[in-house]
Amino acid sequence: FDDPNLDEDAGRMEDDSPYPEVRCAVSNVDDPEMPASTVRAWFMGIMCAVIFPGLNQFMYFRWPTTAVGQLVAVLLSYPVGRLWARTIPQKKLFGISLNPGPFTIKEHVLITIMASVGGKSAYATDIVAVQRVYYEQTYSFAYQWMLVMSTQLIGFSIGGVSRRFLVSPPSMIWPANLVTCALFNTLHSQEYVGMGKRAGWSRERFFTVCLVAATAYYFFPGYLFTALSMFTWVCWIAPQNCGKINTVISPLTYFAFGQAVKQMFGYSSGMGMSILTFDWAQIAYIGSPLATPWWAAANIAAGFVIFFWVLTPILYYKNVWNSQFMPIMSRMSYDNKGQIYDVDRILTPEATLDVEKYKNYSPLYLPTAFAVSYGLSFASITATIVHTILYLRKSIMVRIRGGIGERPDIHARLMASYKQVPDYWYFVIFVAMFAFGVVSIEVWPTQMPVWALTLALIIGFIYTIPIGIIQAMTNQQIAINVIAELVVGYALPGRPIAMMMFKTYAYIGVSQALRFTSDFKLGHYMKIAPRPMFWCQVVATIIAGTTNLAVQSWMFSNIPDMCSQTQKDHFICPNTEVFYTASIVWGVIGPANQFSAGQTYYPLMFFFIIGAVLPLIAYYFLKRFPNRFLQYVNIPLVLGGTNLMPPATAVNYVPWAIVGFTFQYVVRRRHFSWWAKYNYVLSAALDSSVAFGSLLIFFCLEFPRNNTIGENTIQKWWGNTVYMKTADWQSAPVLHVDEGTTFGYGISLLSFFLPHPDPSLLTSCAAPQSGRVCHAGLLCNYLRNGAASRRRAIRPHLPNRSRPRFTRRSIARFVLFHILSLHDRLTLSILGGPDMRICVFSPVVLLPWPASGAPTDIV
């Protein structure tokens, strides 16, 4: 297949990788006699698999929080290993040497992999926490352990099957691993051809200086001057500008007259046109831009601009889905009063949906950017499959049939001398973990049948290779958590526990499989024998998962008011609360009440079709007009590259793209020797500085005295508060709902093609004392404003009216009206008041319907 990463001169490469990124970060030589799986490596690795997961699990429930990641493990284990080599006597115990000599780079890699397995809290621990806190279901440790082990390890078996597709081929470069390889080679002073012969500082000196300087600097955006992180300088000029105006013709009117400062330039709840941030933690939130190939970053940037800088403002300022009553960007969901959705108001005591309470309270509404992100998630799911079939089918089929496929590079040839992991090892793990999963869902009341577990694993199997190929080439992972939630929401409605478990098995199955293959690729680059790699991952996963559960169980048993908003030590469990809310939204309310025909967000379902069609169009143009530019177009990346929004915001994408363009395009093209020697080392230094800086700030300044150090001095000065006094930080909407009123239902997509009314109509006509309730969409406003408004709208066939005079414009509007009505033959708007009037529209009828003639159920 056409590989955008491939070097055009690769045909002349025999003893190195055909990819320049790999050549400059990975050594092309190997010493098979170098010790790797030693007592020293296993002891230090197991200690890391206990300490790191335990610490991360403890901090996971606290706000603010921090985490100890892979780079911290790399830097901390290095001096400990060197100290072991100097101090421990070279004696043998049971024939095994306690000190095999100098601390080797291969030992270092094994220790780091065992530490990184527990770099994050096991995903399934959130299920246990939600059951305990919100559903009052506290089951035995056996249930918790089997659930965590099955979800964590079953992905390894999936990854083992896919390793021939994702590890051995040279085109699967896994860019994030190149940063780690460069760091290992820098610490161990490895010299190799690919790093070039550029004069100047050594890599070791460059890394040390950058690490120390960047760590010291991080105290400014991380604590002393946090406005450098949220650098919304335009919003500081007009802090309370929310874009509230009386009339608007198009979103360009807002922009032209500077009326939408908050929505366009904000970072917290805006579109991020302020462009700048001086915080590497924000820039590298979605992955280091110094490791992501520029063509991949360009696809993501194009998707961001099209869908979040063009489509989202149009939807928002046209008030589609009543979006102006909410901020344009937020990770929260809202009710019909513009307040945060209170899920407790729609639940029965058994944590199921109370239909009457739901009707009396409110449907669930999403901010525009959140709704668009759901649509893009739907599109990326189908686009990934179609893209894989069109572009990668031949390569995949060759490997399925046992063929060689791509020509092995130097690294694959060097690794051929080591014994490979037999396939039956993975099969045994899969059978054992599947049995654990069946026992955990059948013995305890989880609301989840075995067929649902099987379906979740099938989804994971189907998407592992397509998503893995994209991640291995672009450093970006397409998320399937939304499609898993959608499937289980329709398959098992009203079962929140089953929803959480289904999503975990499907999503974490893929995530763990790709973590396994990524670590295997790291071992592939560093020439670690596959069998020790396999066992260190499995053993570390078991130890880390058990540690996660033990620490969590201790915390719930010994910390008072755990997960309460008033917990005195700030153990308020923010991530667990989000997990619980998702279980209500998708498991209790369910997608049928949000995305089915006639519901508010039903148009988003058409993104599945869009995602399937766009790769076909791109493929056609590539074959019809072959050129280098079209080769770089990757539709799954355009649609799914922004899958972290929310919780990510524009501040995590716009500066990321700018930095990526600077280093991966400009510097690489104009100063290749500098880029080859220092680029990945610089990325490792900056990432490490954030890890160490955040730990120092947290444990030295925030954790002591519950973040009260400097609360009346440094925490209150202008540089730490200016961005908090803006409408962006306060998530202010354009329109506000008057006391005692609500905004209504409606799919206002027709507002794209109609003159926009006065926004005040949307609130004033909703007052109960007026004797009627206004349609949530715009059409009822036109009807109530009289014939003049109706003549400006789509010309409908109304009774007792003369036949309208058709012009090209009216015919065009009429055709658009029919197109948009195909998916919504009849929309019922609700609702209430003594003299209730219902506004109904269909492809041929548009009229007010008196309450006396309205049927009870019309949808």
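Glu-21 is buried, at 3% relative accessibility. In this predicted model, Glu-21 pairs with Arg-668 in a salt bridge whose closest N and O atoms are 2.6 Å apart. The whole structure holds 6 salt bridges.

- Arg-668 belongs to helix H26 (residues 654–670) and Glu-21 to helix H1 (residues 20–25), so the bridge ties together parts 647 residues apart in sequence.
- Arg-668 is partly exposed, at 22% relative accessible area.

**Salt bridge Glu-485 to Lys-503**
- The closest N and O atoms of Glu-485 and Lys-503 are 3.2 Å apart.
- Glu-485 sits in helix H19 (residues 481–491) and Lys-503 in helix H20, so this pair ties together parts 18 residues apart in sequence.
- Glu-485 is buried at 5% relative accessibility, and Lys-503 is buried at 5%.

**Salt bridge Asp-423 to Arg-164**
- The side chains of Asp-423 and Arg-164 meet at 3.3 Å, N to O.
- This pair links helix H17 (Asp-423) with helix H6 (Arg-164), 259 residues apart.
- Asp-423 is partly exposed at 43% relative accessibility, as is Arg-164 at 33%.

**Helix H17**
- H17 (residues 423–443) has 21 residues and reaches 30 Å from first to last C-alpha, close to the 30 Å expected.
- Its buried residues are Trp-425, Tyr-426, Ile-429, Met-433, Gly-437, Ser-440 and Ile-441.
- The face turned away from the buried side carries the exposed residues Tyr-424, Phe-427 and Val-443.

Terms used. Residues numbered from 1 in each chain as written. Predicted model: local features only at pLDDT ≥ 70, side-chain atom pairs only at ≥ 80, totals over all residues. Heavy atoms only, no water. Helix = DSSP H or I, 4+ residues; strand = E, 2+ residues; numbered from the N terminus. Expected span 1.5 Å × (residues − 1). Buried < 20%, exposed > 50% of the residue type's maximum accessible area, 1.4 Å probe, protein only. Salt bridge = Lys/Arg side-chain N within 4 Å of Asp/Glu carboxyl O.
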